[in-house]
Amino acid sequence: MAQSAKQRRRELARQHIERQQARRAEEAQKRRKIGLVVGGAIVVVALVIGTLLVSGALGGDDESPVASGTDPSAPADAAAATCDYRTSGESAVPNLGTPPAIDPAALTTPLPTTATLTLNGAPVTVTLDTGAPCTVNSLAFLAAAGYYDGTTCHRLTTSDSLKVLQCGDPTGGGSGGPGYEYDNENTDGATYPAGTVAMANAGANTNGSQFFLVYGDSQLPPDYTVFGQITTGLDVITGIADGGTDNGSTDGAPIQPVTLDSVTTA
């Protein structure tokens, strides 16, 4: 009888332990379920926040420009490119800044179509080329800032294959620029007959402020942005070229000093 009572107590103790283990297992299972739900919710919230940051809806990149006339939901690479004026060196004119950014495919204000270059008091008129909008925009900016006023056209070439007068460096030494650079334009199949106005550069996509006026058909690779054609005043430049260079070679400063009095655009 005593043995039976003892066995009974053992059985009751075993059942008690089993019930405790079952409850603990059930509670652990519930905790795992709750953890999965909360973890899933956190992942969803993170994904939503990440998506909003990318789209800019939470102001993740307020400074990023969106070109007018483009679909804001389109990938950034699909938007029309703006003219990229990149800082490069120091400006020959202090506190100049850079031209206003434009999207050539969605202009709200037309770019100028003509420029007047006054050389030693004589006007040279240029019809500006719409195929080089970033260059025309830069020229208009520099002209409005008075960047070119009273500067020297520092280089003249007189060989059979290269006949140009180069201007646009306020330092007069041939190495000065506006403190920014931008990419080539309008070079596909470019040629340089008499009357062409094109950008000088120090290599691909290094346009700044220097340009050259072609007064006789010239043989050049299509590496220089063509942005205009001289319509009147070509004789002003040929007259300068007739004097030759100050060193007697086919490449040097004009023997007759040439001042670019002003550049205006309209």
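Colleague: In which loop is the place of glutamate 185?

Modeller: This is a predicted model, and in it glutamate 185 sits in the loop between strand 7 (180-181) and strand 8 (196-199).

Colleague: How far from glutamate 185 is the nearest side chain of opposite charge, and which residue carries it?

Modeller: That side chain belongs to arginine 86, and it is 11 Å away. A salt bridge requires a side-chain nitrogen of Lys or Arg within 4 Å of a carboxyl oxygen of Asp or Glu. Glutamate 185 is accordingly buried yet without a salt bridge.

Colleague: Which backbone atom lies 3.0 Å from a polar atom of the side chain of glutamate 185?

Modeller: The backbone nitrogen of cysteine 134 does.

Colleague: Let us turn to the salt bridges. How many are there by this rule?

Modeller: The count comes to four. Aspartate 84 and arginine 86 form a salt bridge whose closest N and O atoms are 3.2 Å apart. Aspartate 84 is partly exposed, its relative accessible area being 41%; arginine 86 is partly exposed as well, at 23%.

Colleague: At what N to O distance do the side chains of arginine 86 and glutamate 181 meet?

Modeller: They meet in a salt bridge at 3.8 Å. Arginine 86 belongs to strand 1 (residues 86-87) and glutamate 181 to strand 7, so this pair ties together parts that are 95 residues apart in sequence.

Colleague: How far apart are the closest N and O atoms of arginine 86 and aspartate 183?

Modeller: They are 3.0 Å apart, and the two residues form a salt bridge. Because arginine 86 lies in strand 1 and aspartate 183 in the loop between strand 7 and strand 8, the pair ties together parts that are 97 residues apart in sequence. Aspartate 183 is partly exposed, with a relative accessible area of 36%. Through shared partners, salt bridges join Asp84, Arg86, Glu181 and Asp183 into one network.

Colleague: Is serine 218 buried or exposed?

Modeller: Buried means under 20% relative accessible area. Serine 218 has 6% relative accessibility, so it counts as buried. Its place is the loop between strand 9 (211-216) and strand 10 (226-232).

Colleague: Which backbone oxygen does the side chain of serine 218 reach?

Modeller: The side chain of serine 218 reaches the backbone oxygen of glycine 216 at 2.9 Å. A polar atom of the serine 218 side chain also lies 2.9 Å from the backbone nitrogen of lysine 163.

Colleague: What is the phi of asparagine 186?

Modeller: Phi of asparagine 186 is about 55°, a positive value although the residue is not a glycine. Asparagine 186 is found in the loop between strand 7 and strand 8, and it is partly exposed, with a relative accessible area of 31%.

Colleague: How does one look for empty space?

Modeller: Rolling a probe the size of a water molecule over the atoms shows where empty space is left. Here the structure holds one cavity of 30 Å³ or more, and the largest cavity contains about 30 Å³ of space.

Colleague: Which residues line the largest cavity?

Modeller: The lining consists of Thr135, Ser138, Leu139, Leu142, Tyr148, Tyr182, Met199, Gly208 and Phe227. Helix 2 (residues 133-144) supplies the largest share of that lining, four residues. By class, the lining of the largest cavity has six nonpolar residues, three polar and no charged.

Colleague: What volume has the second largest pocket?

Modeller: The volume of the second largest pocket is about 310 Å³. The second largest pocket is lined by 20 residues, and Gly176, Gly177, Ala202, Thr206 and Gln210 are those nearest its centre. The lining of this pocket divides into four nonpolar, 14 polar and two charged residues.

Definitions and conventions: Residues are numbered from 1 along each chain as its sequence is written. This is a predicted model: local features need pLDDT of at least 70, side-chain atom pairs count only at pLDDT 80 or more; totals for chains, interfaces and linings use all residues. Side-chain values use heavy atoms; hydrogens and water are left out. On a 1 Å grid over the protein atoms alone, a cavity is a set of points where a 1.4 Å probe fits but cannot get out, and a pocket is an open set with protein on both sides within 12 Å along at least five of seven lines; lining residues have an atom within 4 Å of a point. Grid points are joined across faces, edges and corners, and a volume is the space filled by probe spheres set on the points. Helices (H or I, at least four residues) and strands (E, at least two) are DSSP runs, numbered from the N terminus. Ala, Val, Leu, Ile, Met, Phe, Trp, Tyr, Cys and Pro count as nonpolar, Asp, Glu, Lys and Arg as charged, and the others, Gly among them, as polar. Buried means under 20% relative accessible area, exposed over 50%, partly exposed in between (1.4 Å probe, protein chains only). Lys and Arg count as positive and Asp and Glu as negative; His and the chain ends are not counted. A polar contact is a pair of N or O atoms within 3.5 Å; within protein, one must be able to donate a hydrogen and the other to accept it, and residues adjacent in sequence count only if both atoms are side-chain atoms.
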